[in-house]
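Hi,

Here is the structure I promised to pass on. Have a look at it first, and then read my notes below with the model open beside you.

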Amino acid sequence: MIGAYDSTSYKKDDTDKTGIDPMLGALEHHGGTMASYSLQAGSPAIDMIPAADSFNEAPVRDGRDYYRADGDGDDAVGYDCGAYEYKGQASLVETTAVSSVTISGAVSGGDIAYTGATVGTRGVCWSTSADPTTSASCTEDGSGMGSFSSSLTDLSPETKYYVRAYAMVDGAATYGGNETFTTAQENDGIEDSVEDGVSSPDGSTGDGNGDGEDDRNQADVASLKTYTDGSEYATLDVTSKAGVSLESVKAVDPKTTDAPSTVSFPYGLFSFKIVDLPAKGASVTMSIFVKRDTSISGYYKKNMRTGEWENIADAIDHTSVSGKTKITFTLADGGDYDEDGLANQEIDDDSGPVSNAGGSGAAVPAAQPWHLVLLALLLGGLGVLLACRRGR
């Protein structure tokens, strides 16, 4: 007991604290089914009952059905006297602020700070409605007290979500507060209905690179119809990820560029931007997936320093992805193959697979306009010469 007492109705013992202010708040409903006096900061009732005191052992939950613990944060292991546990359940499961938001994923987590209770599975739950529970989408990120990180996956683009941490404490789910976030917008420029039509390695559609996630929901993957054959698809994949995005993806007719005519581009060219690189001058690994085509022998891109088109393929794989040919290459921000030539955390690209390439790095001069003029003059001169000979 704390405070004044009536000796005719209560027998005092050595644990009582008389003649001091218990520092109580008003009798109110703070949660649960009954009203209670809240404890104020500094109340002598806080941590009054040792957790290991079997004689004076407090219930695991207080009168509001909140778990008891060392809520005041002074690291004293004890329960509070009375029906109200100071800083009970709500402060003991905390939700980590959301970060690394993409069009289909995000990172959150939590921190569990219970004392004197068994903490089982922990993680986060999320939903498009507030206060998601374990019946919604959830992660399982270990067990016990302490902090943890959680990855939220398979989210929809441009959608607002609520997420909160949870922990199974003495067999019951306990939750932290809500954090909200909105997933990013996909900016690759390809209609979802087009991306949904690409063939997947498992025989379904919508997942051109076979990573198990629809291409329409990934900022760093895009599937589009090729220029040379409207029924054929190509899938572009920034395989090094790192939070980058593809923008302005489109199929290009090689004849509208200075691409060399001495090599064949069976799927035309692909124009795209890679944005949000982690640093200026960063490099990324790209993969292009087309239908299995063993005639593909290289991937050509213009060297902006020399003006020549070169084979930049690091690897060409016709077997590991069912029904697909996979072409892998590397691009560097501000490097020889970055069209704008600037280290600005963006890479601009026009390039395409070829079917009669030389080895990696093999160069083919670009079809420069003055080359065409010179060729026309030579042919014209040859025609005049032949005409003169016939006239003799």
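Predicted model: local features only at pLDDT ≥ 70, side-chain atom pairs only at ≥ 80, totals over all residues.

Strand β17 (residues 283-291) pairs with β21 in the antiparallel sense, over nine bridges. A word on terms: strands here are DSSP runs of E with at least two residues, helices are DSSP runs of H or I with at least four residues, and both are numbered from the N terminus. Two strands pair if DSSP finds at least two bridges between them. If sheets are new to you, the strands of a sheet pair through backbone hydrogen bonds, either parallel or antiparallel.

Residues are numbered from 1 along each chain as its sequence is written, and side-chain values use heavy atoms, with hydrogens and water left out.

**The whole protein**

The secondary structure comes to two helices and 23 strands. Of the 392 residues, 41% are buried (under 20% relative accessible area; exposed is over 50%, partly exposed is in between, with a 1.4 Å probe and protein chains only). Take the contacts between residues at least 6 apart in sequence: 61% of them join residues at least 24 apart. Contact means heavy atoms within 4.5 Å.

**A three-stranded sheet**

There is also an open sheet of three strands, in the order β5-β6-β9, again with antiparallel pairing. β5 (93-95) and β9 (146-152) stand at the edges with a single partner strand each, so one side of each has no neighbour in the sheet. The twist here averages 20° from one strand to the next. Strand β6 (residues 106-112) runs antiparallel to β9 and is joined to it by seven bridges. Ser108, for instance, has Ser150 in β9 as its bridge partner.

**Aromatic pairs**

How many aromatic pairs does a search of the whole structure find? It finds three. Rings of Phe, Tyr and Trp (its six-membered ring) pair if their centres lie within 6.5 Å; planes under 30 degrees apart count as stacked, over 60 as edge-to-face and the rest as tilted.

One of them is Tyr161 with Phe181, stacked at 5.7 Å centre to centre and 20° between the planes. Tyr161 is in strand β10 (residues 160-169) and Phe181 in strand β12 (residues 179-182), so this pair ties together parts that are 20 residues apart in sequence. Tyr161 and Phe181 are both buried.

Tyr299 and Phe329 are also stacked, with 4.3 Å centre to centre and 15° between the planes. Since Tyr299 lies in strand β18 (residues 298-302) and Phe329 in strand β21 (residues 324-332), the pair ties together parts 30 residues apart in sequence. Tyr299 is buried at a relative accessible area of 0%, and Phe329 is buried with a value of 0% too.

**Around Tyr299**

Asn311 lies in strand β19 (residues 308-311) and is buried, at 4% relative accessible area. Its side chain makes polar contacts (N or O atoms within 3.5 Å; within protein, one must be able to donate a hydrogen and the other to accept it, and residues adjacent in sequence count only if both atoms are side-chain atoms). The side chain of Asn311 reaches the backbone nitrogen of Tyr299 at 2.9 Å and the backbone nitrogen of Ala313 at 3.2 Å.

Val354, in strand β22 (residues 347-354), is buried at 0% relative accessibility. Leaving aside neighbours within four places in sequence, Val354 is in contact with residues including Phe265, Pro266, Tyr299 and Tyr300.

Enjoy exploring it!

Methods:
Axes fitted to C-alpha atoms, helices over the stretch in contact; angles between N-to-C directions.
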